[in-house]
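Hi,

Here is the structure I promised to pass on. Have a look at it first, and then read my notes below.

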Amino acid sequence: MRKENTKQSFREKVLATVKEIPKGKTCSYKEVAIRAGSPMAFRAVGNILNRNHDKKIPCHRVICSNGNAGGYNRGNKMKRRILAEEGVASF
């Protein structure tokens, strides 16, 4: 009998981490990378989120470490609008 592979890929860890960010809060790409187990993979986090189209994953809540909004696969303007609607003060 074969054991099921329960090990998550980095992509799965990133998406699970981002899914946990509560409404009205943000997290940096670097923080997501650290929580997903690869502290230097913050650019990979951005690439993963850029390809995400699952509305259950709030990738708009991930921002740059310097406080800038960063990219968003539906446009930077929409990212800022959504964050402002959620009560994130700096957007």
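Ala 33 counts as buried, at 0% relative accessibility (buried means under 20% relative accessible area, exposed over 50%, and partly exposed in between, with a 1.4 Å probe and protein chains only). You'll find Ala 33 in helix α2; helices (H or I, at least four residues) and strands (E, at least two) are DSSP runs, numbered from the N terminus. Leaving out residues up to four places away in sequence, Ala 33 touches Phe 10, Ser 38, Pro 39, Ala 41, Phe 42 and Val 45, where contact means heavy atoms within 4.5 Å. Ala 33 and Ala 44 are 11 residues apart in sequence, and their C-alpha atoms are 8.2 Å apart in space.

A word on what you're looking at. This is a predicted model, in which local features need pLDDT of at least 70 and side-chain atom pairs count only at pLDDT 80 or more, while totals for chains, interfaces and linings use all residues. Residues are numbered from 1 along each chain as its sequence is written, and side-chain values use heavy atoms, with hydrogens and water left out.

Now the overall picture. The chain has 4 helices and 2 strands, and along the sequence they come in the pattern α-β-α-α-β-α. The C-alpha trace spans about 55 × 25 × 20 Å along its principal axes. Of the 91 residues in the chain, 35% are buried. Taking contacts between residues at least 6 apart in sequence, 50% join residues at least 24 apart.

Next, the cores. A nonpolar core here is a set of buried Ala, Val, Leu, Ile, Met, Phe, Trp, Tyr and Cys residues joined through side-chain atoms within 4.5 Å. The largest one has 17 residues, and the members that touch the most others are Val 14, Val 18, Val 32, Val 45, Leu 49 and Val 62. Two or more residues of this core come from each of α1 (10-19), α2 (29-35) and α3 (42-50). There is also a second, separate core of 5 residues, including Ile 63, Ala 69, Leu 83 and Val 88. As general background, nonpolar side chains tend to be buried together in soluble globular proteins.

Which residues does Val 62 touch, not counting those up to four places away in sequence? They are Val 18, Ile 21, Cys 27, Ser 28, Tyr 29, Val 32, Leu 49, Ala 69 and Lys 79. Ile 63 sits in strand β2 (residues 62-63) and is buried, with a relative accessible area of 10%. Its contacts beyond four places in sequence are Thr 26, Cys 27, Ser 28, Tyr 29, Asn 68, Ala 69, Lys 79, Leu 83 and Phe 91. Thr 26 is 37 residues away from Ile 63 in sequence, yet the two are 6.7 Å apart, C-alpha to C-alpha.

On to the helices, starting with α1. Val 14, Leu 15, Thr 17 and Val 18 are buried in α1. They lie on the same side of α1 because they cover an arc of only 160 degrees around the axis; the arc is that of the directions from the helix axis to the C-beta atoms. These buried residues pack against α2, α3 and β2. Thr 17 counts as buried at 11% relative accessibility, and touches Val 32, Arg 35 and Ala 36, again not counting residues up to four places away.

In α3, the buried residues are Val 45, Ile 48 and Leu 49. Their arc is only 95 degrees, so they are on the same side of α3. They pack against α1, α2 and β2.

How do α1 and α3 meet? Their axes come within 10 Å and cross at roughly 80 degrees (axes are lines fitted to C-alpha atoms, for helices over the stretch in contact, and angles run from 0 to 180 degrees between N-to-C directions). That makes α1 roughly perpendicular to α3, a label for angles of 65 to 115 degrees. Phe 10, Arg 11, Val 14, Leu 15 and Val 18 of α1 meet Ala 44, Val 45, Ile 48 and Leu 49 of α3.

Last, α4 (residues 76-85) buries Lys 79, Ile 82 and Leu 83. An arc of only 100 degrees puts them on the same side of α4, and what covers them includes α2 and β2. The face turned away from that buried side carries the exposed residues Lys 77 and Glu 85. After α4 comes Gly 87, with a positive phi near 90 degrees.

Cheers

Technical notes: Angles under 35 degrees count as roughly parallel, over 145 as roughly antiparallel, 65 to 115 as roughly perpendicular and the rest as oblique.
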